[in-house]
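Subject: Handing over the structure, with notes

Dear colleague,

I am passing the structure below to you, and my notes on it follow. Please keep it open beside you while you read.

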Amino acid sequence: MKTHDFLASGTVGDPAVNITIFAFFVIVTLIIVVTASGANRSTSDYYAGGRNFKGWQNGIAIGGDYLSAASFLGIGGLIALYGYDGFLYSIGFLVGWLLVLLLIAGPLRNTGRYTTADVFDLRLRNTRVRGAAAVSTLTISFFYLLAQMAGAGSLVSLLLGVSGGAGQFIVIVVVGIAMLIYVLVGGMKGTTWVQMIKAGILGVGTVVLTVWVMTECGFNFSNLLAHAAATSPSGKAVLGPGLLYGGGLSAHFNFVSLAMALVLGTAGLPHLIMRLYTVPDATEARRSVVWTVWLVGVFYLCTLVLGFGAMWLVGNKAILTAPGGSDSAVPLLAYHLGGTLLMGLVAAVAFATILAVVAGLTITASASFAHDVYAGILRGGDADPRDEVRVARTTAVVIGLVAVVVGFLARKIDVAFLVSLAFAIAASANLPSILYSLFWRRFTARGALWSIYGGLISSVGLIIFSPVVSGSASAASPSLITDPHVNFAFFPLSNPGIVTIPLAFFLGWLGSVTDPLPPEDARFARVQVRALTGVGAERGARG
């Protein structure tokens with residue numbers, strides 16, 4: 001099955017086969033969700049799966065939650081088009097887990113109950129800070145959902161030959177409905193099992209496809225690189241830096257900004273932080289992260305082979321002319337190697353990836369609104385657990401509807417690039433306050449508010465007034481506004497992290513040292529004891 005078959009027909013594989021594989025996966029996972037979820041009556045059941053998952057189980061689920069459409073579709077496509085520079089995404093996504101393992105995994109499990117805001121509330125006891133954390137969580141989840149829904153549209157459009165707007169919208173609606181069933185029926189228990197299954201099939205599928213590519217070049221990685229460079233329009237330049245982040249000082253700053261966002265953003269992603277609360281103690285939380293590091297590390301090494309394999313075997317022209325653009329590189333590679341059946345199986349893996357991540361994001365965002373806004377602020381911490389779960393489910397429906405609409409609008413933007421924006425917002429709005437809450441005695445509520453809102457507003461604002469939204473026609477991040485004459489971008493970088501992350505840390509410091517209310521040393525001491533030893537963690541978990 002050769003690339004020119006796709007170029008001649010404009011479709012990939014047999015849509016009937018692809019639909020059958022999709023439907024089979026969705027039905028099987030729905031059965032598992034209903035069976036595994038049991039009753040979700042309490043907030044602990046719905047938000048944290050009863051805290052009964054073992055470290056290795058949660059680690060695999062975190063890997064399933066983390067390895068999103070950006071990893072499987074976006075990074076493979078970026079490597080296929082830009083070589084070395086595309087692989088920089090993989091490095092950044094992986095290195096960020098070291099920060100999680102060394103600094104926050106154990107302390108976060110010991111301090112919070114369900115959400116990022118619980119960490120701040122334990123330290124600061126301030127409803128305005130809890131509200132700010134909820135706003136931050138919802139914003140980050142929104143940007144991450146953009147990427148997943150856009151990936152769904154790209155993938156299924158390729159498999160079903162759907163290129164019109166109406167057809168892609170229907171595809172995204174179907175993804176949204178499936179995601180809502182997972183969340184509403186399964187809660188965190190059902191979602192965790194879906195993520196574990198997805199991580200398993202993603203790992204097996206990726207390794208099999210990687211080995212298959214290596215057989216094509218005699219298991220010689222140097223031969224693979226040579227073949228890829230010979231096929232690429234850029235020649236040997238794909239083997240070195242500069243295709244995506246070369247060409248001037250602005251491009252170099254863009255790369256540094258991206259690296260900061262990817263490395264620091266992981267520790268601030270609310271849907272990953274929430275997963276740390278599903279295990280019984282801090283030891284299991286750290287063990288979860290170790291399992292995740294191994295899973296994620298092996299996967300990203302495989303993306304290097306898949307990306308250069310697509311560059312060689314599929315070719316630049318076929319990738320760019322496919323309905324999904326760069327996100328279609330890995331599915332097209334599978335089609336080239338194994339035809340319709342392998343294409344359908346790999347696409348099912350990608351589809352599973354999108355569903356699992358979207359479900360995790362939705363339950364995190366809905367939990368943040370129900371637990372932090374409804375129960376923590378509107379009800380003053382005295383909400384009935386059943387009412388709180390009901391509000392969380394209602395919020396999930398609203399989030400699902402919003403995700404469908406905005407995912408359709410963002411369907412032309414590269415998935416990995418969209419996720420990098422979510423990482424920049426997480427690193428700016430969440431990470432400084434998390435670290436200050438855990439480790440700085442002088443931190444106050446004013447510092448938290450300045451840091452969270454300052455990081456959030458600056459990062460989102462600079463994204464709006466950057467080439468991401470207007471005035472850009474680059475292949476890596478096509479404009480949301482199709483008219484090239486509309487240009488209100490004054491910030492030259494596509495990723496704001498290099499400005500907004502230091503700014504958020506500075507604002508957290510400045511707000512704290514200028515706060516007329518002194519920090520409460522006794523409360524910080526209690527947080528330190530709980531974070532570092534776990535004493536009182538179970539009592540705090542019960543609320």
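Is the crossing of α10 and α13 left-handed or right-handed? The crossing of these two helices is left-handed, a word used where the near helix is turned anticlockwise from the far one by less than a right angle, with right-handed used where the turn is clockwise.

Before the details, a word on what you are looking at. This is a predicted model, in which local features need pLDDT of at least 70 and side-chain atom pairs count only at pLDDT 80 or more, while totals for chains, interfaces and linings use all residues. Residues are numbered from 1 along each chain as its sequence is written, and side-chain values use heavy atoms, with hydrogens and water left out.

The chain as a whole

The secondary structure of the chain comes to 22 helices and 0 strands, where helices (H or I, at least four residues) and strands (E, at least two) are DSSP runs numbered from the N terminus. The chain has 543 residues, and 61% of them are buried, which is to say under 20% relative accessible area, with exposed meaning over 50% and partly exposed in between (1.4 Å probe, protein chains only).

Helices packed against α13

To return to the pair in the opening question, helix α10 (residues 221–231) packs with α13 at an angle of about 40°, with the axes 8 Å apart. Here axes are lines fitted to C-alpha atoms, for helices over the stretch in contact, and angles run from 0 to 180 degrees between N-to-C directions. That angle makes α10 oblique to α13, since angles under 35 degrees count as roughly parallel, over 145 as roughly antiparallel, 65 to 115 as roughly perpendicular and the rest as oblique. On the α10 side the residues are Phe-221, Leu-224, Leu-225, His-227, Ala-228 and Thr-231, and they meet Leu-304, Val-305, Phe-308, Gly-309, Met-311 and Trp-312 of α13. By class, this contact of α10 with α13 divides into 9 nonpolar, 3 polar and no charged residues, where Ala, Val, Leu, Ile, Met, Phe, Trp, Tyr, Cys and Pro count as nonpolar, Asp, Glu, Lys and Arg as charged, and the others, Gly among them, as polar.

Helix α4 (residues 55–66) also packs with α13 (residues 282–313), their axes coming within 7 Å and crossing at roughly 45°, which makes α4 oblique to α13. The crossing of α4 and α13 is right-handed. Among the residues that make this contact are Gly-59, Ile-62, Gly-63 and Tyr-66 of α4, and Trp-291, Thr-292, Val-296 and Tyr-300 of α13. The contact of α4 with α13 has 8 nonpolar, 6 polar and 2 charged residues.

Two residues of this contact can be followed further. Thr-292, in helix α13, counts as buried at 0% relative accessibility, and, its neighbours within four places in sequence left aside, Thr-292 is in contact with Gly-59, Ile-62, Gly-63 and Trp-97. With the neighbours within four places again left aside, the contacts of Tyr-66 include Phe-93, Trp-97, Val-296, Tyr-300 and Phe-423.

Other places to look at

Ile-425 has its place in helix α17 (residues 415–429) and is buried, with a relative accessible area of 0%. Ile-425 and Ala-261 are 164 residues apart in sequence, and their C-alpha atoms are 8.0 Å apart in space.

Two loop residues also deserve a look. Arg-125, in the loop between α7 (116–124) and α8 (127–160), has a positive phi of about 50° although it is not a glycine, and at 52% relative accessibility Arg-125 counts as exposed. Phe-219, in the loop between α9 (165–216) and α10, has a positive phi of about 55° and is likewise not a glycine; Phe-219 is exposed, with a relative accessible area of 54%.

How values were computed
Contact means heavy atoms within 4.5 Å.
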